[in-house]
Amino acid sequence: MNFSVVVSQFWPLLINGLALGFIYVLISLGYTMVYGVLRLINFANSEIFMVGTFATVIVSRNFFGFNQNTDPLHGFKLIYTLGACLVASMLMSGVTAVLVEIVAYRRLRAKGTNRLASLISAIGVSIILQEGVRILTNSIPYSNPRLLKKVYVVHAGPIELRNDTILVIVFAAILFFLVDRFVSKTLLGKAIRAVSMSEETSKLMGINLNRVISATFLIGGMMTGAAAFLYETVYENTKYNVGFSIGLAAFTAAVLGGIGNLRGAFYGGLALGLLEEFAAAILGTQWKAVTVFLVLVLVLLFKPNGLFGEAVQQTRV
Amino acid sequence: MINLRDFGAEKWEKWNRPKRTTFVVILLALVTLLPFAGDYSFSNFLNTPISSYQAVLVYPVGMFVLMALGLNIVVGKSGLLDLGYVAFFAIGAYTAAILGTKTHLNIWEILPIGMGLAMISGVLLGLPTLRLRGDYLAIVTLGFGEIVRIVAVNNRSTGGPNGIANVPNPPSILGVRFALDNMQGFFWIILVMILLVIWMVRRLSVRRPGRAWEAIRQDEDVAMLMGVPTLRYKIWAFSIGAAIGGAAGVIFASKSMYVAPDMFSFNVSVLILSCVVFGGMGNIWGVILGGTILAYLPERIRFISNARQLVFGLALVIIMNVRPDGLLPRKKREKIHKAGEATTNV
């Protein structure tokens, strides 16, 4: 226990927590959107994140040929390279998410089997992804070359902002805003909301259910992929099991904000990022996962519908 | 598709009592003698290339079947998805390791303590989560399994990442010695435990708890409307499963004389779940078959052992998509009715 850290390191902890929180926001979109339409937890989302981190690393290392000794890039080349990594990671994660839906959920949904079967097959797909990557990489951690030189760009009293932190916060906020607009304004977004309200009725209204569900997985996957890219710019490291603890944290964030609720995921993600960062400073990093888990259990115990969500117990299908 | 389960059930139905007794006795005798099968030329195809055959029979085969039977009560009977079953196994194993090295209790005295602790942790975990829908239980148990491991790594009393060595072997009973060089003893004790669990599950299935679990599995809301105290029975299922996992953990710790956090990773939970799902959720014989196949084959066939997790993942997806009831599916309700009409003395 070390509470003095909270006072002396307040601003850095706050900023790091916010950056981590914004990454969680994007990943928890993957959970919350899928939950909204299918009423099922997308167990493979943590692996979709993992695939995204590898896409970023592979593009910068193998496609552009950068390695640990490469000098950081500048100007147009930096934007172009980062952009390529981002697109690759979003595409890779999005496509994986759609494939996960086809392999794990679609057949079972058509058959109308019980929820347990879908859950188990989703876990199976998640194991296949994780183990496949483990065997391909020989369980070796991969590090991402530092493309963006990390410098402190803002000095305002005790507040010091690094450029990668700003990138994460600004970029994640923009993406979240876009998804939120997309879901509330466009036709497809309205279809997604309709399906999440009632599958049967939206079918009667002529909505192509499979298309809407695929689109939901695609968007959720792409957001998770973007989060993977941001994670790689900040933490620069990945491994086959990187998704496990992050996935659990992002899921907790989604539950905290009320699963199925986009704005809830936003506040939940931020709250959880801050909480994790402060808990790690006070208790030590090894207890981070334990704190997250305790938060999850406490939320489920006392406020199962989350801070902003619908009542979980009443949305039973 | 052929239904082996119904085929077997029909045969069983037609037999009279002496025939049934002979069958069970012969089967039991064969299983009891399994540890010696590797020594004779007509059965030595069972031998495993890497680890010793008798050790394989105890862990993974016997241990997995026992744990799969325990998990079957949770997943198969009452339809609750528990992804952290390894946590109870770990709690049992660490109880045996800590009490066995720090106190003078022997393993037989520790066994009920380990089961009790696993059961209590099952209740504590179940109370907040079993009120909610199944998916939440899945993810909370997933987290719990990992948390138990993290606590074991970071705690001084559990020996940290190095674990605890010199866990005592159980003292001998009825002349059967339990030691590293005498694995058949452990096999027999697990066999006895498996038989006890089978007996317990069969008894429970035809009584109130079994009916309540079946109702919960089929439709929880309807069960609740019909006056089934669903939460109470779900917690019962969860804690009975946990106790069996704890028992397996105690025996495991004293068999390998050593526990370390690495032994209790998420993989074990997945393995046990695959055994249940592969064999046939809810059907004891299916679960035993699934456990035996999935535990034994990777040891026997060398090239699977590296990619074993991958194979299990594939097994989960394929079984769920192609044959969601597993190799030996559970009895269907209609068939029970039919059997009830045909024979009056069921």
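Arg106(A) is partly exposed, with a relative accessible area of 24% (buried means under 20%, exposed over 50%, and partly exposed in between, using a 1.4 Å probe and protein chains only). This residue is a friendly way into the structure above, which is a predicted model with local features taken at pLDDT of at least 70, side-chain atom pairs at pLDDT 80 or more, and totals for chains, interfaces and linings over all residues. Residues are numbered from 1 along each chain as its sequence is written, chains are lettered from A and ligands numbered from 1 in the order written, and side-chain values use heavy atoms, without hydrogens or water.

**Charged pairs**

Which residue does Arg106(A) meet in a salt bridge? The partner is Glu101(A), at 3.0 Å from N to O (a salt bridge is a side-chain nitrogen of Lys or Arg within 4 Å of a carboxyl oxygen of Asp or Glu). Glu101(A) is buried, with a relative accessible area of 0%, whereas Arg106(A) is partly exposed.

Now look for Arg263(A) and Asp180(A), whose side chains form another salt bridge at 2.6 Å, N to O. This pair ties together distant parts of the chain, since Arg263(A) belongs to helix α11 of chain A and Asp180(A) to helix α6 (residues 163–185) of chain A, 83 residues apart. (Helices, H or I with at least four residues, and strands, E with at least two, are DSSP runs numbered from the N terminus.) Arg263(A) is partly exposed at 46% relative accessible area, while Asp180(A) is buried at 10%.

Arg149(B) and Glu146(B) are joined by a salt bridge of 2.7 Å, N to O. Both residues sit in helix α6 of chain B, three residues apart, about one turn of the helix. Arg149(B) is partly exposed, with a relative accessible area of 22%, and Glu146(B) counts as buried at 14%. Elsewhere, Arg146(A), Lys150(A), Arg162(A), Asp164(A) and Glu236(A) are linked into one network by salt bridges that share partners. Over all chains, the count comes to twelve salt bridges.

**Where the two chains meet**

How many residues does each chain bring to the contact? Chain A gives 45 residues and chain B gives 42 residues (contact means heavy atoms within 4.5 Å). Together, chain B and chain A bury about 3,900 Å², and 75% of this is on carbon and sulfur atoms (buried area is the accessible area, with a 1.4 Å probe, that two parts lose on being put together, summed over both). How many salt bridges are there between chain B and chain A? The count is zero. On the side of chain B that touches chain A, the elements giving two or more residues are α5 (107–129), α6 (134–154), α9 (220–225), α11 (266–279) and α13 (308–322) of chain B. Of that side, α6(B) supplies the largest share, 13 residues.

**Chain A as a whole**

Chain A contains twelve helices and four strands. Its C-alpha atoms fill a box of roughly 55 × 45 × 40 Å along the principal axes. Of the 317 residues in chain A, 55% are buried. Among contacts in chain A with a separation of 6 or more, 77% are between residues 24 or more positions apart.

| Residue | Relative accessibility | Class |
|---|---|---|
| Gln130(A) | 15% | buried |
| Thr285(A) | 56% | exposed |
| Ile113(B) | 34% | partly exposed |

Gln130(A) lies in helix α5 (residues 115–137) of chain A. Setting aside its neighbours within four places in sequence, Gln130(A) contacts Glu47(A), Met50(A), Tyr240(A) and Asn241(A).

Thr285(A), in turn, is in the loop between α11 (262–283) and α12 (288–302) of chain A. Between the C-alpha atoms of Thr285(A) and Asn114(A) there are 39 Å, and the two residues are 171 residues apart along the chain.

In chain B, Ile113(B) belongs to helix α5. Not counting residues up to four places away in sequence, Ile113(B) touches Thr95(B), Leu99(B) and Leu105(B).
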